[in-house]
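Please look through the sequence and the model below before reading on.

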Amino acid sequence: EYVPMVALSTDGSLVAGVVEKYRIKIWSTTTGKESRIINTDIATLSAITFSMDGNLIACGNINGTLKVYNVSDGKEVKKLIDGPGEEQFIAAGRKVGRVPIVGDISDALTDLIETGDQLRNLLFKNKSIRAVAFSPDAKSLAYQAGDNIIHVLRLEDNKEVLTVEQDDPFETEDEKKLAATTGVKPKKKASDAVSAYFRQLCPI
C-alpha cells in the first residue's frame with residue numbers, strides 16, 4: 001500500500017498516512033494496528049497534520065480545499081476553505097500527456113503545452129495547500145499555499161487573523177540587487193521556503 005505522506009501525533013501514539021489520494025489511515029504506534037480510516041471527500045490530498053492534543057487532524061489538497069476532522073470518529077468538524085470542483089482538474093489533467101497517434105505533430109505538441117499551462121495555472125490560481133499546522137491550543141490553523149504566504153485561520157469563524165510572507169533563504173545576491181533597483185521581488189518557489197512560523201506553531 002503506497003503511503004506518500006505521513007504525520008505523527010505529538011505524543012507519538014498515532015501515525016496518520018494518506019492512501020489512495022483521499023483516504024487518511026490512522027495507526028497505533030504501540031500495536032501497529034489500524035485504528036481509524038477517514039474517508040475525505042476531497043481528492044489528491046497534499047498536506048496533513050495532527051493537533052497537539054491528537055484529537056483533530058487537518059488536511060488540504062491540490063485544489064485549495066482545507067478541512068478538519070475528528071480523530072476519534074472520523075467525522076468532519078469544519079470545512080475552512082472550499083476549493084473548486086474536482087471535475088475542473090480531471091478535465092485538464094486527462095489531456096496532459098495525451099498525444100494523438102494521427103494528425104500533425106506540431107499541433108499535438110501545441111495542444112499538450114497549452115493544456116499543461118492550463119493545469120499549472122489552475123493549481124496556482126486556486127492556491128494548492130502545501131503544508132498545515134495547528135496552533136498549540138487548536139483554536140487556529142496555519143497553512144501555506146502556492147502564493148508562498150502563511151495564512152492563519154481562526155477555526156471558530158474561519159476568519160483569517162494573520163498572514164506572514166516568507167523570505168526566500170535561497171535568494172541570490174544578484175536577485176537581491178535587482179529587487180532593490182527595480183522594486184520587484186523575484187518569484188519564489190514555495191517548496192524552497194523555510195517557515196519559522198510553522199516551527200513555532202508545531203515545535204519538533
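## The loop at Gly 54

Gly 54 lies in the loop between strand E5 (45-50) and strand E6 (56-61), where strands are DSSP runs marked E of at least two residues, and helices are runs marked H or I of at least four, numbered from the N terminus. With a relative accessible area of 14%, Gly 54 is buried; buried means under 20% relative accessible area, exposed means over 50%, and partly exposed is in between, with a 1.4 Å probe and protein chains only. Although Gly 54 and Leu 14 are 40 residues apart along the chain, their C-alpha atoms are separated by 8.0 Å.

## How the model is described

This is a predicted model, in which local features need pLDDT of at least 70 and side-chain atom pairs count only at pLDDT 80 or more, while totals for chains, interfaces and linings use all residues. Residues are numbered from 1 along each chain as its sequence is written, and side-chain values use heavy atoms, with hydrogens and water left out.

## The sheet of E1 to E4

An open sheet is formed by 4 strands in the order E1-E2-E3-E4, with antiparallel pairing; two strands count as paired if DSSP finds at least two bridges between them. Strand E1 (6-8) and strand E4 (34-39) are the edge strands, each pairing on one side only. Neighbouring strands of this sheet are turned by 20° against each other on average, direction ignored, where axes are lines fitted to C-alpha atoms (for helices over the stretch in contact) and angles run from 0 to 180 degrees between N-to-C directions.

Within this sheet, E2 and E3 pair in the antiparallel sense over 6 bridges, and Gly 17 has Lys 25 in E3 as its bridge partner. The loop between strand E2 (14-19) and strand E3 (23-28) holds Glu 20, whose phi is near 55°, a positive value in a residue other than glycine. Lys 21 lies in the loop between E2 and E3 as well, and the phi of Lys 21, which is not a glycine either, is also positive, near 75°. Lys 21 counts as exposed, at 56% relative accessibility.

## The sheet of E9 to E12

Another open sheet has 4 strands in the order E9-E10-E11-E12, and its pairing is antiparallel. Here the edge strands are strand E9 (131-134) and strand E12 (160-165), each of which pairs on one side only, and the twist averages 20° from one strand to the next.

E9 is joined to strand E10 (residues 140-144) by 4 bridges, and the two run antiparallel; Phe 134 stands opposite Leu 141 in E10. The hairpin of E9 and E10 has 5 residues between the strands, and in it Ala 138 takes a positive phi near 60°. Strand E11 (residues 149-154) is joined to E12 by 5 bridges, again in antiparallel fashion, and Val 152 has Leu 162 as its bridge partner in E12.

Leaving aside residues up to four places away in sequence, His 151 touches Leu 141, Ala 142, Tyr 143, Glu 160, Leu 162 and Thr 163, with contact meaning heavy atoms within 4.5 Å.

The side chain of His 151 also makes a polar contact with the side chain of Glu 160, at 2.9 Å. A polar contact is a pair of N or O atoms within 3.5 Å; within protein, one must be able to donate a hydrogen and the other to accept it, and residues adjacent in sequence count only if both atoms are side-chain atoms.
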